[in-house]
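Please walk through this chain step by step. Start from one residue, then widen the view.

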Amino acid sequence: MKFWFSLSIYIFVNFIVVPFVQGQTEQSKDSLKTVYVFEMKDDIDPRMNRKVRMAMEDAVEKKAALIIVHMDTYGGAVNDADDIRTSFLESKIPIVSFIDKDAASAGALISIACDSIYMAKGGSIGAATVVMGGSGEAAPDKYQSYMRSMMRSTAEARGRNPQIAEAMVDENIEVEGVSKSGEVITFSVSEAIENGFCEAQVSSIEEIVARYGLTNYEIYKYSPSATEDIISLFLNPAVSGFLILIIFAGIYFEIQTPGIGFPLAASAIAMLLYFIPYYLTGLASNWELVVFIVGIVLLALEIFVVPGFGVFGILGIVCILSGLTMGMLPNEQFDFTFVSSGKLFAALLTVILAATIATVLIFTLTPKINQWESFSRISLADTQQKSEGYTSSFYSQEMLGKEGVSHTRLMPSGKVIIEDEMYDAYSRGEFIDKGEKIKVISTEGTSLRVKKNEV
């Protein structure tokens, strides 16, 4: 009897109670909804564009029931705002814009693309006129027309008044009972509610979730991954400037001590660490990388192929500095219309300051490097003094000051004849035609250094 009682208890617990509890637990987990929240509290630019893209992908992966965009922005680049509003319009997850406190310009466009708009006390939405980055003046009509069309179509897609949306861009559009000609629309909270551009005034994210009828939920706030944190670190102007310093210093020391490889490797790594973060965030584009590489090639031609320092060297330096500077700016191809003067100045200052510091350090530290014990292990640091009997001259000092004629054209190297003997020679950089009189001014090396013998 005891055996059958124990067996009954075992069957009841394992086949009825346990499955029931597990089912309830699974059902509880399934009913727990994820409310995904991310902030948009900075300029709308390629970096924000990337952040939103990463957050949207993460929200889909986490099967979020609702996405809330915590917004406070004065706008930014139109092209990046267009990318964001398109992703919002195509989203299968409901998206809410929580305006706390401003959604101006591109921020207004993005908010209108959301399924619902809620505003905190003192919030505002509108003023979407496209302005020039440098002067702050209204951009040409082609940009205004593009913005008007986006505002109109986005408002239509979300069931909001398209004429009001256009009037947020164009001051010449008059909306009866809402605005007068000569002013762009900017709504306060009550005005936005009255005209269908805000559902209600709220004070918290939890209040928005309650209005959506969600009770069993968890709020997940987007935070950048370790990779994104590293990218952000390298986007810091101070870090970018340090990398530029390494780029220039590495190239210089590799030229001074060819064959070591370490300075060139350091420079190459610094180039990658500089450009990759800007490229991933959309700031640096392919043509800016090409400009930088062309600059390196031109500088190499000037150093190793073309004598002296002229056009190739200057163009090379200009291209290198231009590539580094433009890679930091949120320009669209060759269009710098919406690049603010502040960002342009910051980029130029970073690049020029880093290049200047690199130049100063190069000429300050170079004479001392040979004295470093660690450097002597990879480079011949000893000098062979003339007073000790060493000489770099292939010819005797008796050749110094002797006169002759050029046997070939010196461009700047060639051959000369002195006292019926032919010698290898080179000029000081100028070309010397065949048959001209020359004079030896140096015997160091394996070729005579000569100049025109002007009588």
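**From one serine outward**

S406 lies in strand β9, which covers residues 403-406. The model is a predicted one. Is S406 buried or exposed? S406 is buried, because its relative accessible area is 3% and the cut-off for buried is under 20%. Its contacts, leaving out residues up to four places away in sequence, are K415, V416, I432, D433, K434, G435, E436 and I438.

Next, the strand's setting. Strand β9 is one of five strands that close into a barrel. The order is β9-β10-β11-β13-β12, and the pairing is mixed. On average, neighbouring strands of this sheet are turned by 55 degrees against each other, direction ignored. In general, strands of a sheet pair through backbone hydrogen bonds, either parallel or antiparallel.

Strand β12 spans residues 437-442, and strand β13 spans residues 448-452. The two run antiparallel, and four bridges join them. Within this pairing, S442 stands opposite R449 of β13.

Now turn to the helices. Helix α3 takes in residues 78-90, and helix α5 takes in residues 141-157. How do α3 and α5 pack? Their axes lie 12 Å apart, at an angle of about 15 degrees. Angles under 35 degrees count as roughly parallel, and α3 and α5 are therefore roughly parallel to each other. Their crossing is left-handed. From α3, the contact is made by V78, D82, R85 and L89. From α5, Y146, M147, M150, S153, T154 and A157 take part.

F262 is found in helix α11, which runs over residues 262-280. Which class does F262 fall into, buried or exposed? F262 counts as exposed, because its relative accessibility is 60% and the cut-off for exposed is over 50%. F262 and G250 are twelve residues apart along the chain, and their C-alpha atoms are separated by 8.1 Å.

Finally, the whole chain. The secondary structure comes to 15 helices and 13 strands. Of the 455 residues, 40% count as buried. The accessible surface comes to about 25,400 Å². Carbon and sulfur atoms hold 58% of that surface. What share of the contacts with a separation of 6 or more comes from residues 24 or more positions apart? That share is 60%.

Definitions and conventions
Residues are numbered from 1 along each chain as its sequence is written. This is a predicted model: local features need pLDDT of at least 70, side-chain atom pairs count only at pLDDT 80 or more; totals for chains, interfaces and linings use all residues. Side-chain values use heavy atoms; hydrogens and water are left out. Buried means under 20% relative accessible area, exposed over 50%, partly exposed in between (1.4 Å probe, protein chains only). Contact means heavy atoms within 4.5 Å. Accessible areas come from the Shrake-Rupley method with a 1.4 Å probe; for residues, only the protein chains shown count as cover. Two strands pair if DSSP finds at least two bridges between them. Axes are lines fitted to C-alpha atoms, for helices over the stretch in contact, and angles run from 0 to 180 degrees between N-to-C directions. Angles under 35 degrees count as roughly parallel, over 145 as roughly antiparallel, 65 to 115 as roughly perpendicular and the rest as oblique. A crossing is left-handed if the near helix is turned anticlockwise from the far one by less than a right angle, and right-handed if clockwise.
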